[in-house]
Amino acid sequence: MESLSNKKKVLEQKPLNFAERMYLPAIVKGLGTTMSHFFKKSSTIRYPEQEREFSINWRGMHSLKRDEDGRERCTACGLCALSCPAEAITMIAAERKPEEKNLYREEKYAAVYEINMLRCIFCGLCEEACPKEAIYLDGPIVPSDYLRKDFIYGKDKLVEGPLEVK
Amino acid sequence: MDINFVIEKFLLVSILFAISLLIAMYSTYAERKVAAFLQDRLGPDRAGPFGILQPLADGVKMFMKEEITPSNSNKWLFMAGPGLAMLCACIGTAVIPWGQDLAIGGRVIPLQVTDINVGVLYLFGVVSLGVYGVMIGGWASNNKYSLLSAIRAASQNISYEIAMGLSIIALLLMTNSLSLKEIVLQQHGGNWNVLYQPLGFIIFMICSFAETNRAPFDLPECETELIGGYHTEYSSMKLGFYLFAEYINMFVSSAVMATLYFGGYNYPGMDWVATQLGPIAAPLVGTGVLFLKIFAFIFFFMWVRWTIPRFRYDQLMNLGWKTLIPLAIANIIITGIVIAVVKF
């Protein structure tokens, strides 16, 4: 059938001529190509010491955010866990006591908040689902580890550091 | 027998053995570095500065790995294979002249283990024995892939040995000697054989690529078709021996090429250097020059490996039988005619 795109190319297979059958000219040309790469700058990034630049919408490790007064924003509504396609997020909610008003913004908060980094696919649906703007995937690359249990990150690793008091 | 003679030879053999192993070890490192540089990468750089301890780490890994002997293999031959490969790789260095005679305290010490008058034939014998390591290993594994690979290795080596031998005959017509020492002495200064035998050298080099099972003729270890080739069933240091033997072979054939065609330890202006440096330092400079040539050849082996894709089996056989052998015969005829014309 005639192609409409005009992109069709009929390949002709010609038998090799004498110079091609000698292989040597082609080999010398190839050796020249590889040698030109020998002196090129390598594109390797030595990872633990150097890091590549990430794009602004890069999704890395999660962090649980604080509000402008330094209180945790998360109210343990569970929408992130519900939206998570990999079921990586679990949490246990607790009720805020009156004296903890400076720690948690809402009356309900997450006493335990765990993300299994081996399950997480870094899709970013949790940050989209969150009504309190409490979770963002703005961290670094999740580091490697030896044991599976060490990949379950609790609040100690996820909550961002307390605000600096001015 | 003179006890000094025994000590000299023993020392020379030990040093040569150590150097062969050291160069083979660092060839693995150089191979990975060269591959990396040709592909715009960095290569191993974590073990020690610039990764120079990488071969040690690899060696430790090889020794520590679990050793598996397949239950249906022929146990004795399975052990003999890597040993034979290693042995044949190591004994080739014995006849190569590594430098001019050293004169220390009135004694003349030749930097050659033995100057037998059939040195070239000895080398060919060792090279042809080399295929037995591969064949025995492939046969003893009792694995179809290994067997296929062993058959391939055998037919490849036998085919290319013919062209190699024929390319050497043209050289021997010129030198009138089979002794490597004599051949090197004839190339004194810059009078290298490659200037008279360029075609013979190219044929010899292509054949030594095939004899050492290096790319583009590494069909015996063709991963895509034969898994690991003849060493599919090998593990631990037995596998290490096979890989190591390949690098020692590369070192030896580089040394042979440098000796036969590139003047061995000879370099232009060596007489002037000898008058400046005296009888001990000047031969050592020559040895250094020989090693430089060898390293250049080893680099070339690696450069080719990371440039040219593997030949197909029929292409390999066509090249060997239909191209190299007729070319080598034509080379002999031309050389013979030229020698006859020049003499009379």
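**Exercise 1. Strand pairing in chain A**

Which residue is the bridge partner of A:Ile115 in strand 5 of chain A? Work out the sheet around this pair.

Solution. The model is a predicted one.

Step 1. The bridge partner of A:Ile115 in strand 5 is A:Tyr153. In strand 5 of chain A, A:Ile152 is the bridge partner of A:Asn116.

Step 2. Strand 3 of chain A and strand 5 (residues 152–153) of chain A run antiparallel and are joined by two bridges.

Step 3. Strand 3 (residues 108–116) of chain A is also joined to strand 2 (residues 89–95) of chain A, by seven bridges, and these strands run antiparallel. Here A:Met91 stands opposite A:Tyr113 of strand 3.

**Exercise 2. The surroundings of A:Ser83**

Decide where A:Ser83 sits and what it touches.

Solution. 

Step 1. A:Ser83 belongs to helix 3 (residues 79–83) of chain A.

Step 2. Within 10 Å of A:Ser83 there are 16 other C-beta atoms. A buried residue needs 20 or more, and an exposed one has 12 or fewer. A:Ser83 is therefore partly exposed.

Step 3. With neighbours within four places in sequence left aside, the contacts of A:Ser83 are A:Leu125, A:Cys126 and A:Ala129.

Step 4. A:Glu127 is 44 residues from A:Ser83 in sequence, and their C-alpha atoms are 9.5 Å apart in space.

**Exercise 3. Two helix pairs in chain B**

How are helix 4 and helix 5 of chain B oriented to each other, and how are helix 1 and helix 2 of chain B?

Solution. 

Step 1. Helix 4 (residues 119–140) and helix 5 (residues 144–175) of chain B pack at about 170°, and their axes are 8 Å apart. An angle over 145 degrees counts as roughly antiparallel, so helix 4 and helix 5 of chain B are roughly antiparallel to each other.

Step 2. Residues in this contact include B:Phe124, B:Val131 and B:Trp139 of helix 4 of chain B, and B:Leu147, B:Asn157 and B:Ile168 of helix 5 of chain B. By class, the contact of helix 4 with helix 5 of chain B has 11 nonpolar, six polar and one charged residues.

Step 3. Helix 1 and helix 2 (residues 54–64) of chain B pack at about 105°, with axes 9 Å apart. Angles from 65 to 115 degrees count as roughly perpendicular, so helix 1 and helix 2 of chain B are roughly perpendicular to each other.

Step 4. Helix 1 of chain B contributes B:Met25, B:Tyr26, B:Thr28 and B:Tyr29 to the contact, and helix 2 of chain B contributes B:Gln54, B:Pro55 and B:Asp58. This contact of helix 1 with helix 2 of chain B divides into four nonpolar, two polar and one charged residues.

**Exercise 4. Length and cover of helices in chain B**

Solution. 

Step 1. Just after helix 5 of chain B comes B:Asn176, with a positive phi of about 60°.

Step 2. B:Asn213 follows helix 7 of chain B and has a positive phi, near 55°.

**Exercise 5. Contact between the chains**

How many residues of chain A are in contact with chain B?

Solution. 10 residues of chain A are in contact with 10 residues of chain B. On the side of chain A that touches chain B, three residues are nonpolar, six polar and one charged.

Conventions
Residues numbered from 1 in each chain as written. Chains lettered and ligands numbered in written order. Predicted model: local features only at pLDDT ≥ 70, side-chain atom pairs only at ≥ 80, totals over all residues. Pairing = 2+ DSSP bridges. Helix = DSSP H or I, 4+ residues; strand = E, 2+ residues; numbered from the N terminus. Axes fitted to C-alpha atoms, helices over the stretch in contact; angles between N-to-C directions. Parallel < 35°, antiparallel > 145°, perpendicular 65-115°, else oblique. Contact = placed C-beta atoms within 7 Å. Nonpolar A, V, L, I, M, F, W, Y, C, P; charged D, E, K, R; others polar.
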